[in-house]
Amino acid sequence: MRIEWETVESGPAAAERTVLLFPGGMCGAGSYAEVMAQPSVAGYRLVAATLPGHCGTTPPEDFRTENYAQIAAELAHELRADVVVGFSMGAMVAYEMAVSGVFTGPLVLLGVSLSSPDEPAFFRAIVHLTSVMGTLPISALKQGAASMVKKAKVPPERQAELKADFARNTSRDLRKALQAYLDWLRRDDDPARRLCDTDLPVWVVHAEKGDGGLTSHERSRLQACPNVRLVTIPGHVFFLPNDVPHLIADLIVDAVNQLPSGRAAAPEGT
């Protein structure tokens with residue numbers, strides 16, 4: 001089945017560099033509007049793409065992360081993307097693209113979780129409950145996530161737009177997506193080591209509070225990795241692309257600057 005991606009684009013269509021941005025779960029492509037508005041990235045072509053099955057978009061036939069990575073790599077190849085940025089579940093997809101070898105360019109991973117302990121216990125409990133209670137817990141999760149938008153450091157009209165994105169999610173599709181996400185987090189394959197072994201330039205970004213974190217093993221492993229830069233944003237931040245867009249834009253510039261001249265990151269044949 002061909003995926004019809006919902007995208008938002010900014011910058012020159014003929015720009016030398018293209019950056020592909022994946023939002024978090026339940027979020028739409030428009031959630032990167034604040035990043036796209038930053039002057040430091042005005043010369044790049046930025047394309048944000050809603051994860052299929054989120055925000056009311058057509059779901060994939062297979063919600064497993066490995067499948068998401070494959071279809072995302074196909075989009076990256078089509079766009080000739082040089083850099084991939086992902087937030088939360090979008091970062092999960094970007095991570096899997098890299099470790100599976102279907103994307104070979106710089107990555108900026110925002111609020112990424114690499115294992116179950118990186119996610120809050122209440123979130124894991126809600127997803128577990130869907131196995132016995134169906135979509136009812138997902139409805140509660142949607143309402144809770146929408147209420148968190150009031151903490152985003154954006155004007156009221158933007159808060160309304162972000163809330164509207166949460167409302168577009170269908171509980172049935174979201175249940176499947178989150179169950180697959182939790183399955184991915186429960187794997188035991190030393191994800192930090194796998195990321196290090198890619199030898200790709202990677203920025204792993206978390207706030208001090210609010211957007212999850214890393215286990216001590218993951219953090220120490222990544223700190224020792226020469227191709228990975230850990231970035232900690234001070235304070236309590238939940239919506240990284242909306243609350244600190246200038247910092248995210250600066251990291252995108254850093255990632256682009258790691259590219260050799262004239263090199264596209266998406267390999268042929270993906």
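At what angle do the axes of helix H4 and H5 cross, and within what distance do they come? The structure is a predicted model, in which local features need pLDDT of at least 70, side-chain atom pairs count only at pLDDT 80 or more, and totals for chains, interfaces and linings use all residues. Residues are numbered from 1 along each chain as its sequence is written, and side-chain values use heavy atoms, with hydrogens and water left out.

**View 1. Helices H4 and H5 in contact.** The axes of H4 (residues 121-133) and H5, which are lines fitted to C-alpha atoms over the stretch in contact, come within 7 Å and cross at roughly 150°. That makes H4 roughly antiparallel to H5, a term for angles over 145 degrees on a scale from 0 to 180 degrees between N-to-C directions. Contact, meaning heavy atoms within 4.5 Å, is made by residues including Phe-123 and Ile-126 of H4 and Leu-136 and Leu-141 of H5.

**View 2. The two sides of helix H6.** Helix H6 (residues 156-168) has 13 residues, and its buried residues (under 20% relative accessible area) are Arg-158, Gln-159, Leu-162, Asp-165 and Phe-166. Seen down the axis of H6, these buried residues fall within an arc of 115°, so they line one face of the helix. The face turned away from the buried side carries Pro-156, Glu-157 and Ala-167, which are exposed, that is, over 50%.

**View 3. The surroundings of Cys-55.** Cys-55 lies in the loop between strand E3 (45-49) and helix H2 (65-79), and is buried, with a relative accessible area of 1%. The C-alpha atoms of Cys-55 and Phe-166 are separated by 6.3 Å, although these residues are 111 residues apart along the chain.

Note on methods: Helix = DSSP H or I, 4+ residues; strand = E, 2+ residues; numbered from the N terminus. Expected span 1.5 Å × (residues − 1). Buried < 20%, exposed > 50% of the residue type's maximum accessible area, 1.4 Å probe, protein only. Arc of directions from axis to C-beta. Parallel < 35°, antiparallel > 145°, perpendicular 65-115°, else oblique. Lists of a residue's contacts leave out its neighbours within four places in sequence.
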